Amino acid sequence: MDEFTRANRNVWNEWTHINARSDLYRLEAFKAGEIKLNSLERDEVGDVSGKTLLHLQCHFGMDTLSWARLGALVTGVDFSEDAIALAKRLSEELKIPARFICSDIYALDEVLQEQFDIVYTSYGVLCWLPDIRRWAKIVADRVRPGGFFYIAEFHPFAQVFDETIDELIVRYPYFEKEMTKWQVEGSYADRDAYVESNFEYEWNHTLGEIVTALIEAGLTIDFLHEWPYSVYNQFPFLQPDGKGKWNPPETPSMIPYMFSLRAHKGIQETHSG
Ligand SMILES: C[S@@+](CC[C@H](N)C(=O)[O-])C[C@H]1O[C@@H](n2cnc3c(N)ncnc32)[C@H](O)[C@@H]1O
């Protein structure tokens, strides 16, 4: 593990505890039975009952355990030891069967060889990954023939705008090749929380790079949807609708805030005669 991944892991270990007690994550409501998934991914992933589901970058497992509550046989993976320890505790406390594995996504092959009906990942995952083509290969390897990969993620184009002001002003490059070093200020769930780590490191991947990497890894794209709203208060001007959506003030929206994509792995044909 390189120094940047290690630094990010330290940040995520700290953020786990802050996020778990934050209003954003609503852990108590989840413990009381709430499903912590948005209607977007629930509708687009569809019925998961009886299906094996691998959740990549699962944080402390609330989404993973939500899929389990909906009937999936779940495995969650994350590189944060603290997140995985909390996910395991929640699984035990709530008596929701789940397997959680602590691993850097790029080392997943060393700890997990099986394939799954559904490989799932969501919201705030790709910016932590330096090599999107390697990631796509790892994803595709874990999908069983006939199964699919699904991602719901913040749109990379939305990342070019200044996140601190009340209008859309371009501040960052879309075609970013360099890693970005950010000063850590609290967590995204609690900006005022004390965090010991100083810096975190992120990479931007264009939509074209993401889609192309998945195709090159052998997956067939079923759909790529771009969404005019967010599920998170990414910008100060977004307004909550109280049902999990954050909408821009203008209609139609000027830009896409999120995308979702499903891609399947074809079943190998057997030739007879
Ligand atoms: C924004 S969170 C995912 C959020 C999830 N949708 C949620 O709200 O709970 C990103 C996760 O990626 C994990 N992560 C970042 N880099 C990773 C890596 N190289 N390998 C495995 N997990 C990683 C972090 O520990 C964190 O839990």
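This is a predicted model: local features need pLDDT of at least 70, side-chain atom pairs count only at pLDDT 80 or more; totals for chains, interfaces and linings use all residues.
**Entry: ligand shell.** I looked up who sits around the ligand and got 18 residues. Tyr25, Asp78, Asp104, Ile105 and Ser122 come nearest. I then sorted the shell by class: eight residues are nonpolar, six are polar and four are charged.

Entry: Which parts of the protein reach the ligand's N and O atoms? On the side-chain side, an N or O atom of Tyr25 is 3.0 Å from a ligand oxygen. On the backbone side, a polar atom of Ile105 is 2.9 Å from a ligand nitrogen, and a polar backbone atom of Phe79 is 3.2 Å from a ligand nitrogen.

**Entry: ligand cover.** I checked how much of the ligand the protein hides. Alone, the ligand exposes 600 Å², and the protein buries 95% of that.

**Entry: cysteines.** How many disulfides does the structure hold? I found zero. Cys58 is in no disulfide, and its nearest cysteine sulfur belongs to Cys102, 9.2 Å away. Cys127 is in no disulfide either; its nearest cysteine sulfur, on Cys58, is 16 Å away.

Buried or partly exposed, I wondered, for Cys58 and Cys127? Cys58 counts as buried, because its relative accessibility is 4%. Cys127 has a relative accessible area of 22%, so I logged Cys127 as partly exposed.

Definitions and conventions
Residues are numbered from 1 along each chain as its sequence is written. Side-chain values use heavy atoms; hydrogens and water are left out. A disulfide is a pair of cysteine sulfur atoms within 2.5 Å. Buried means under 20% relative accessible area, exposed over 50%, partly exposed in between (1.4 Å probe, protein chains only). A residue is near a molecule or strand if one of its heavy atoms lies within 4 Å of it. A polar contact is a pair of N or O atoms within 3.5 Å; within protein, one must be able to donate a hydrogen and the other to accept it, and residues adjacent in sequence count only if both atoms are side-chain atoms. Accessible areas come from the Shrake-Rupley method with a 1.4 Å probe; for residues, only the protein chains shown count as cover. Ala, Val, Leu, Ile, Met, Phe, Trp, Tyr, Cys and Pro count as nonpolar, Asp, Glu, Lys and Arg as charged, and the others, Gly among them, as polar.
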